[in-house]
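Here is a short walk through one structure. Please start at the ligand and then follow the aromatic rings.

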Amino acid sequence: MRVAIIGTGYVGLTTGVCLAYIGHSVSCLDTDVSKVKMLSEGKVPIFEPYLEELLEEARPNLHFTSSYEEAIPDAEVVFIAVGTPPTPSGAPNLEYLSQAAKSVGQHVKNKFTVVVNKSTVPIGSGNWVGALLRNTYEQRSANGTLEAAVASNPEFLREGSALHDSLYPDRIVIGADEPRALEVLYSLYRPILDQTFTPPTFLPRPESVGAVPLLSTDLASAELIKYAANAFLALKISFINEIGMLAERVGADIAEVGRGIGLDSRIGPRFLNAGIGWGGSCFGKDTAALIATAEEYGLHMPIVEAARVVNKRQRDRIVEKLLTELKILKGRTIGLLGLAFKPNTDDLREAPAVEIAQKLIDRGVCVKAHDPIAGERFQQDYGHMGVQLCKNAQEVAENCDAVVLVTEWNEYRDLEWEKLGRSMRQALILDGRHILDREKLEKAGFQFIGIN
Ligand SMILES: NC(=O)c1ccc[n+]([C@@H]2O[C@H](COP(=O)([O-])OP(=O)(O)OC[C@H]3O[C@@H](n4cnc5c(N)ncnc54)[C@H](O)[C@@H]3O)[C@@H](O)[C@H]2O)c1
């Protein structure tokens, strides 16, 4: 099929490359000309494992452009995958979505085209995008009514394993009020649903993966599924963090508690690791948007609100713990291991490290940091904060009064702890992610603090 993807960020680019890999002809469009140039040269502007390799394999079916005129008229399916960042009120900023919808309306031809919201958008956005499309189309054209249908196809990929999640998803959700649109999306995704494509050598199909479940539903339900899924995952993390606070008081081991409840098949083991809490571009934004949507209907969402409060408290607790141990923070040097909001990505949106660094700087701390991938992006976006970026964990530790493990990158699991500790002013470590071996660290001379 001929497909256009609007927005080549984490979601749009992954979707475009995967659809091209399974055989569709894909135009990826972005208004950021520098991104398009990089991509046309085979370079990937974000860090995502195997994305560059898959792009190379899919290249014959891929085209990158900044021109709507080039991408839209021939497309049978147009995905909108632009950003929907939060506004101060919690409601998402729909400016990019609106611009994209209008631009499609200006260029779409009078033939049946399915326009798909892949961006996470508030409930009702499908109808709104439909209206924008029709109005723009009808203003420019004397051809009469537009032959397009709007669908929702929420994205569930996780940054860091985005390609795996797109080629071998747990499920695909499609929503539309017009059956024809659902049929088109079913055909588009068929190679993934039936797993008939040849897997890339570097991303083999896991043995457990069989046919992928398809949930085909109405527009509003598909839109709500995305928000409900993210809110539920966020709740799970905040729940274990709330239990963790009590565990700390009563002397229980939260890792054991998490394992103990996760073995119950009704609960499941994932998203039960206590620690600094969630970050990233989705959970914070989507829980805020869910609350904002509910408010429009006169509803409160106390459970979702509480998950947000607990998450915020976890970040404050890092600073409180350092304060308790060091007594005075002013004039101290504190090192952060990890900046990205999670391992295997360079995404810094709502990264706990950024907020923690700022809280420490506000208290007069000199902050040093390292990240295996996100350092350059941090420098570009947050260079003004004055954090001293280091080449490795050893350099971070030198002359520090404490080191905080913020992102659980694999390379931080096994460092030369004795050497690291010797180079610090005070061998104090705060494991914000429950990944370090307390006994080993204490043997290496560290004072070890965990976060439950
Ligand atoms: N990142 C994730 O893990 C993830 C997962 C699931 C869903 N989502 C949702 O997917 C959407 C996209 O997220 P992302 O992380 O890929 O965002 P992103 O910021 O990485 O990418 C958005 C891209 O859209 C481009 N863009 C903006 N306006 C445009 C326009 N009018 N025409 C063409 N291009 C335009 C931007 O230049 C940018 O490259 C959001 O709604 C997000 O909530 C993200």
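How far is an oxygen atom of the ligand from an N or O atom in the side chain of lysine 35? The distance is 2.5 Å. This is a predicted model, in which local features need pLDDT of at least 70, side-chain atom pairs count only at pLDDT 80 or more, and totals for chains, interfaces and linings use all residues. Residues are numbered from 1 along each chain as its sequence is written, and side-chain values use heavy atoms, with hydrogens and water left out.

Lysine 285 also reaches the ligand: an N or O atom of its side chain lies 2.6 Å from a ligand oxygen. A ligand nitrogen is 3.5 Å from a polar backbone atom of threonine 31. Polar contacts here are pairs of N or O atoms within 3.5 Å; within protein, one must be able to donate a hydrogen and the other to accept it, and residues adjacent in sequence count only if both atoms are side-chain atoms.

Taken alone, the ligand exposes 840 Å². The protein buries 90% of that (Shrake-Rupley method, 1.4 Å probe; for residues, only the protein chains shown count as cover).

Now look at the shell. It holds 28 residues, and Asp30, Lys35, Tyr68, Thr84 and Lys285 come nearest. A residue is near if one of its heavy atoms lies within 4 Å of the molecule or strand. Helix H5 (95–107) gives the largest share, three residues. Helices (H or I, at least four residues) and strands (E, at least two) are DSSP runs, numbered from the N terminus.

Next come the rings. A pair of aromatic rings is described by the distance of the centres and the angle of the planes. Rings of Phe, Tyr and Trp (its six-membered ring) pair if their centres lie within 6.5 Å; planes under 30 degrees apart count as stacked, over 60 as edge-to-face and the rest as tilted. The whole structure has seven aromatic pairs. Tyrosine 50 and phenylalanine 202 are stacked, 5.5 Å centre to centre with 20° between the planes. They sit 152 residues apart.

Tryptophan 417 and phenylalanine 446 have ring centres 5.9 Å apart and planes at 90°, so this pair is edge-to-face. Tryptophan 417 lies in helix H16 and phenylalanine 446 in a loop, so the pair ties together parts 29 residues apart in sequence. Tryptophan 417 is buried at 4% relative accessibility. Buried means under 20% relative accessible area, exposed over 50%, and partly exposed in between (1.4 Å probe, protein chains only). Phenylalanine 446 is buried too, at 4%.
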